[in-house]
Amino acid sequence: MVAFGYSLLCEQRGPRELVADAVAAEDAGFDFEVISDHYFPWLDSQAHAPNAWPVLGAVAAATERVPLMTYVTCPIMRYHPAVVAHNAATVALLAGGERFVLGLGAGENLNEHVIGQGWPPVNVRHEMLGEAVEIIGELFTGDYVNRSGTYYRVDSAKLWDVPDEGVPIAVAVSGRQSIESFAPVADAMVAVEPRPDLVQHFDEAAGMTLPKIGQQPICWGTDPDEAVARAHDQFRWFAGGWKVNAELPGPAAFASATRFVRQEDVAEGLTCGPDVAAHVEAVRPFVAAGFTHVALVQVGGETQPDFLTFAERELLPALHEEYGKPGDARIKVR
């Protein structure tokens, strides 16, 4: 049985709209919700990038049932790990009921370049993330933390308000190296590719079966041609793959790098239009790979209200009929 989530994509909605969408998604019956944490949109046409953390606080207060998660926050440059831990503990308390999961990743140049320190190579970023995860985990205990590490210093830091049960940490992985680093310390796995080998190797390295969270973009709309055009306008950035996407510095770079991507190329990469069966089939690779949670991304900020109505009436019932419905989508500290 698979939990199906809704993605609050900060790159395509303003803060008030994101909160309204979160409430509507809970009412529509989504099993959980995730939120992106960006300083920039991928492309100028997306036109938004509010701060995810105050939005999360508002969402935590406005919703009652649905589990929440960052997908994902980068704790290596733009935020110091101690700040991320502070934010996460506060949101977890606001949400209550073990509803919040801190999703972490090594980030993208798109968002982290704003502090003007340059963008480290990938091996350094993973080392920084490993040290950051250790610091955050120590702070979640509620004890004082002092550290003089390779990348970070922490001076007598302590979280005075942290849930008794702690805050679960999910970490984004892409291969053997990141799995070996993070599976032993994470409570769940995040991955954007539906690869069975990631699932298998993660559980082997963790020594247990843990939740796996993936994400699938779709572009629902009543007019298939309009949906394809919208997907091309706002989501063609994904065509470069994550090794490239992590390195480009801004929306202009993504526009330039994808200038030869055609509408038909985008339509091959994600389902576009009103066909419920096609959208149901789009998530099958994640289910077949062994993912326990799949968050859907609906492309196009202005389409969210109509999409959520469609999801409640048609898409979610079809997804749960095909793949089952979980009893509890929450992810807990192991």
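## Helix packing and nonpolar cores in a predicted model

In this predicted model, helix 3 (residues 81–95) packs against helix 5 (residues 122–139) at an angle of about 45 degrees, and their axes are 9 Å apart. An angle of about 45 degrees belongs to neither the roughly parallel range, under 35 degrees, nor the roughly perpendicular one, 65 to 115 degrees, and helix 3 and helix 5 are therefore oblique to each other. The crossing in which helix 3 passes helix 5 is right-handed. On the side of helix 3 the contact involves Pro81, Ala82, Val84 and Ala85, which meet Ala132, Ile135, Ile136 and Leu139 of helix 5. By class, the residues of this contact between helix 3 and helix 5 comprise eight nonpolar, no polar and no charged.

A second pair is formed by helix 1 (residues 15–28) and helix 14, which pack at an angle of about 10 degrees with their axes 9 Å apart. With the limit for roughly parallel set at under 35 degrees, helix 1 and helix 14 are therefore roughly parallel to each other. Their crossing is right-handed. Helix 1 contributes Asp21, Ala24, Ala25, Asp27 and Ala28 to the contact, while helix 14 contributes Gln304, Leu308, Glu312 and Leu316. The contact of helix 1 with helix 14 has five nonpolar, one polar and three charged residues.

The two pairs are set side by side here.

| Helix pair | Angle between axes | Distance between axes |
|---|---|---|
| Helix 3 and helix 5 | about 45 degrees | 9 Å |
| Helix 1 and helix 14 | about 10 degrees | 9 Å |

In soluble globular proteins, nonpolar side chains tend to be buried together. Here the largest nonpolar core has 85 residues, of which Phe30, Phe100, Leu102, Phe140, Phe307, Leu315 and Leu319 touch the most other members. Helix 14 (residues 304–323) supplies the largest share of this core, with nine residues. Leucine 102, when residues up to four places away in sequence are not counted, touches Trp53, Thr70, Val84, Ala88, Ile136, Phe140, Val167, Pro168, Ile169 and Ala170. Another core, of 16 residues, lies apart from the largest one and includes Leu9, Ala227, Ala231 and Leu270.

Alanine 49 is found in the loop between strand 2 (32–35) and helix 2 (52–62). Its relative accessible area of 28% lies between the limits of 20% and 50%, so alanine 49 is partly exposed. Leaving aside neighbours within four places in sequence, alanine 49 is in contact with Cys10, His38, Tyr39, Phe40 and Pro41. Alanine 49 and valine 299 are separated by 250 residues in sequence and, C-alpha to C-alpha, by 15 Å in space.

Key: Residues numbered from 1 in each chain as written. Predicted model: local features only at pLDDT ≥ 70, side-chain atom pairs only at ≥ 80, totals over all residues. Heavy atoms only, no water. Axes fitted to C-alpha atoms, helices over the stretch in contact; angles between N-to-C directions. Helix = DSSP H or I, 4+ residues; strand = E, 2+ residues; numbered from the N terminus. Parallel < 35°, antiparallel > 145°, perpendicular 65-115°, else oblique. Left-handed = near helix turned anticlockwise from the far one by under 90°. Contact = heavy atoms within 4.5 Å. Nonpolar A, V, L, I, M, F, W, Y, C, P; charged D, E, K, R; others polar. Core = buried A, V, L, I, M, F, W, Y, C linked by side-chain atoms within 4.5 Å. Buried < 20%, exposed > 50% of the residue type's maximum accessible area, 1.4 Å probe, protein only.
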